[in-house]
Every structure is written in structure tokens, then in C-alpha cells.
Amino acid sequence: MSAWVLLVTAFLLFGAGGSKFFALCFALTATALWVVAAHDAYREASGQQSQVILQGRRYMYVTGTLMGLLFLMLFTGAATAAA
């Protein structure tokens, strides 16, 4: 997962029509999601279910939204590069 984040960030930075703003937003959001997932994994393993941040389907919705934003950023970058 970390390699994927690095590859997408590098593509956004250095690829055709890359945008530093989109790359920064993606990298920060992916890192924040990774930190929250690590926190939740620790809390669940410790039996502290009440302190889990993204319980149940909430993690799926957050991840799906971020994937949608990623594709939007990639399409926007491709459209600007083609213009």
C-alpha cells in the first residue's frame, strides 16, 4: 500500500500534466488514512472497541471516497495535459 501511494504521488508530481497540489493532497490524505488505520488496528487488538475511529463500513466509505477523488485528480491532470 505504501509503494502504491509513493507511485501515485510520483506520477502526480512528475507525470504528464502532474500537479504538485494534487500530489500533496493525495500524499497527506493517504498518510492520514494509514495512521488512522494503524490506530484502529491497535485499539481493536487491545479490545478497546469504543476508541476505534473508523468502525464498520465507515472505513469503506472513506476509502471509496478517496479513491473517487484520486480518479478525479488523475482525469483532471490528463485533461489539462491533453489541452
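**Reading a helix pair and a pocket**

The crossing of α1 and α2 is left-handed in this predicted model.

Me: Happy to start there! How do I read two packed helices?

Reply: Two packed helices are described by the angle between their axes and the distance between the axes. Here, the axes of α1 and α2 come within 8 Å and cross at roughly 165 degrees. Angles over 145 degrees count as roughly antiparallel, so α1 is roughly antiparallel to α2.

Me: Which residues make the contact between α1 and α2?

Reply: From α1, the contact uses Trp4, Val5, Val8, Thr9, Leu12 and Leu13, while α2 brings Lys20, Phe22, Ala23, Phe26, Ala27 and Ala30. By class, the residues of this contact divide into 10 nonpolar, 1 polar and 1 charged.

Me: Which elements give two or more residues to the lining?

Reply: Those elements are α1 (2-14), α2 (20-45) and α3 (58-82). The largest share, 8 residues, comes from α2.

Me: And how does the lining of the largest pocket divide by class?

Reply: Look at the side chains: 16 lining residues are nonpolar and 4 are polar, with no charged residues. The contact of α1 with α2, by comparison, does include 1 charged residue.

Definitions and conventions: Residues are numbered from 1 along each chain as its sequence is written. This is a predicted model: local features need pLDDT of at least 70, side-chain atom pairs count only at pLDDT 80 or more; totals for chains, interfaces and linings use all residues. Side-chain values use heavy atoms; hydrogens and water are left out. Helices (H or I, at least four residues) and strands (E, at least two) are DSSP runs, numbered from the N terminus. Ala, Val, Leu, Ile, Met, Phe, Trp, Tyr, Cys and Pro count as nonpolar, Asp, Glu, Lys and Arg as charged, and the others, Gly among them, as polar. Axes are lines fitted to C-alpha atoms, for helices over the stretch in contact, and angles run from 0 to 180 degrees between N-to-C directions. Angles under 35 degrees count as roughly parallel, over 145 as roughly antiparallel, 65 to 115 as roughly perpendicular and the rest as oblique. A crossing is left-handed if the near helix is turned anticlockwise from the far one by less than a right angle, and right-handed if clockwise. Contact means heavy atoms within 4.5 Å.
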